[in-house]
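Welcome to this structure. Here is a short note to read with the model open beside you, one point at a time.

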Amino acid sequence: MVAAPHAEYIDSCDLPTPWGTFRLHGFIDRATGKEHVVLTLGDLANGGPVLARVHSECLTGDALFSQRCDCGAQLEDALRRIAAEGRGMVLYLRQEGRGIGLINKIRAYHLQDTGADTVEANEALGFAADLRGYGLCQSMLAHFGVTALRLMTNNPAKVVALQKLGIAVSERQSILVGHNACNRRYLLTKQDKLGHFIDTAGK
């Protein structure tokens with residue numbers, strides 16, 4: 001079995017947000033030089049499964065308010081739910097565009113503008129539909145003493161990937177937010193081609 005990639009902890013600071021003051025922790029993947037972060041709230045290492053989201057970077061949705069996807073809305077909802085509970089974490093992984101990178105994501109968006117869906121666009125550029133990996137989560141979670149998650153995700157493949165790393169997922173919670181007319185086809189493609197649990201009826 002190939003060893004999972006390792007994220008090295010660097011430092012932490014407070015991060016005030018509209019939903020509460022989280023703790024922001026920085027990690028580096030020394031093999032790639034990529035920087036990743038974890039936002040935490042409350043006592044994580046008390047033995048109980050932690051409310052969590054594993055969120056892949058989406059500059060367009062998270063920071064630029066794009067309505068082509070539901071990523072930014074999912075991130076905000078995860079932080080809101082963690083704050084309401086008073087305990088939880090977001091692992092923010094720098095793997096833009098399902099792992100193809102920002103520039104290739106823009107190329108994929110151009111293809112989508114001309115009729116391709118999100119899977120067809122990635123494949124036309126020579127990529128798999130989803131190149132993301134979650135191996136770094138193993139060392140990130142170990143740093144906090146977390147062994148079990150209540151995972152906020154609509155993606156069953158993410159649950160399976162974490163379980164293969166030895167991370168228990170005691171519960172999967174849907175995170176159905178950010179649906180709009182601009183991303184309806186995107187959501188339907190995630191549902192029909194990638195197996196995401198998304199109820200788009202009436203959206």
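This is a predicted model: local features need pLDDT of at least 70, side-chain atom pairs count only at pLDDT 80 or more; totals for chains, interfaces and linings use all residues.

1. UniProt, in an unreviewed entry, lists residues 12-173 as "domain: GTP cyclohydrolase II". In the model, this span is 35% helix and 29% strand.

2. Next comes the annotated site. The unreviewed UniProt entry gives the feature "binding site" at Arg-53, Val-54, His-55, Ser-56, Glu-57, Gln-74, Glu-96, Gly-97, Arg-98, Thr-118, Thr-153 and Lys-158. Which of these residues does the lining of the largest cavity include? They are Arg-53, His-55, Ser-56, Glu-57, Gln-74, Gly-97, Arg-98, Thr-118, Thr-153 and Lys-158.

3. Strand E4 deserves a careful look. E4 covers residues 50-56, and 7 of its 7 residues are buried. Val-50, Ala-52, Val-54 and Ser-56 point one way from the strand, while Leu-51, Arg-53 and His-55 point the other way. Residues on both sides are buried.

4. What does E4 pair with? E4 runs parallel to E5, with 5 bridges joining the two. On that side, Val-54 is placed opposite Leu-91 of E5. E4 also runs parallel to E6, and here 3 bridges join the strands. Leu-51 has Arg-150 of E6 as its bridge partner.

5. Now pick out Arg-53, a residue of strand E4 and one of the UniProt "binding site" positions. Is Arg-53 buried or exposed? Its relative accessible area is 5%, so Arg-53 counts as buried, the limit being under 20%. Beyond residues up to four places away in sequence, Arg-53 touches Gln-74, Ala-78, Met-89, Val-90, Leu-91, Leu-151, Met-152, Thr-153, Lys-158 and Ile-175. Among these contacts, Gln-74, Thr-153 and Lys-158 are also "binding site" positions in the record. The Arg-53 side chain makes a polar contact with the side chain of His-55, at 2.9 Å.

6. Two further positions of the annotated site sit in a loop. Glu-96 lies between strand E5 (88-93) and helix H3 (102-113), and Arg-98 is found in the loop between E5 and H3 as well. Glu-96 has a relative accessible area of 7% and is buried. With neighbours within four places in sequence left aside, Glu-96 is in contact with Glu-57, Cys-58, Leu-59, Gly-101, Leu-102 and Lys-105. Arg-98 is buried too, at 10% relative accessibility. Its backbone is worth a check: phi of Arg-98 is positive, about 55°, although the residue is not a glycine.

7. Phe-65 is in the loop between helix H1 (59-63) and helix H2 (71-85). Why does Phe-65 count as exposed? Its relative accessibility is 67%, and exposed means over 50%, so Phe-65 falls in that class.

8. Turn now to the nonpolar cores. The largest has 24 residues, and those with the most contacts inside it are Val-54, Met-89, Leu-91, Cys-137, Val-146, Leu-149 and Leu-162. Two or more residues each come from E4, E5, helix H5 (136-144), strand E6 (148-152) and helix H6 (156-164). H5 gives the largest share, 5 residues. Apart from this core lies another, of 12 residues, among them Leu-39, Leu-79, Ile-82 and Ile-175. Back in the largest core, Val-146 touches Leu-44, Val-50, Met-89 and Leu-141, not counting residues up to four places away in sequence.

9. Finally, have a look at Asp-77 in helix H2. Asp-77 is buried, with a relative accessible area of 12%. The side chains of Asp-77 and Arg-81 make a polar contact at 2.9 Å. Residues up to four places away in sequence aside, Asp-77 touches Ile-175 and Val-177.

Notes:
Residues are numbered from 1 along each chain as its sequence is written. Side-chain values use heavy atoms; hydrogens and water are left out. UniProt positions are given in the numbering used here, feature names are shortened, and annotations may be inferred rather than shown by experiment. On a 1 Å grid over the protein atoms alone, a cavity is a set of points where a 1.4 Å probe fits but cannot get out, and a pocket is an open set with protein on both sides within 12 Å along at least five of seven lines; lining residues have an atom within 4 Å of a point. Helices (H or I, at least four residues) and strands (E, at least two) are DSSP runs, numbered from the N terminus. Buried means under 20% relative accessible area, exposed over 50%, partly exposed in between (1.4 Å probe, protein chains only). Contact means heavy atoms within 4.5 Å. A polar contact is a pair of N or O atoms within 3.5 Å; within protein, one must be able to donate a hydrogen and the other to accept it, and residues adjacent in sequence count only if both atoms are side-chain atoms. A nonpolar core is a set of buried Ala, Val, Leu, Ile, Met, Phe, Trp, Tyr and Cys residues joined through side-chain atoms within 4.5 Å. Two strands pair if DSSP finds at least two bridges between them.
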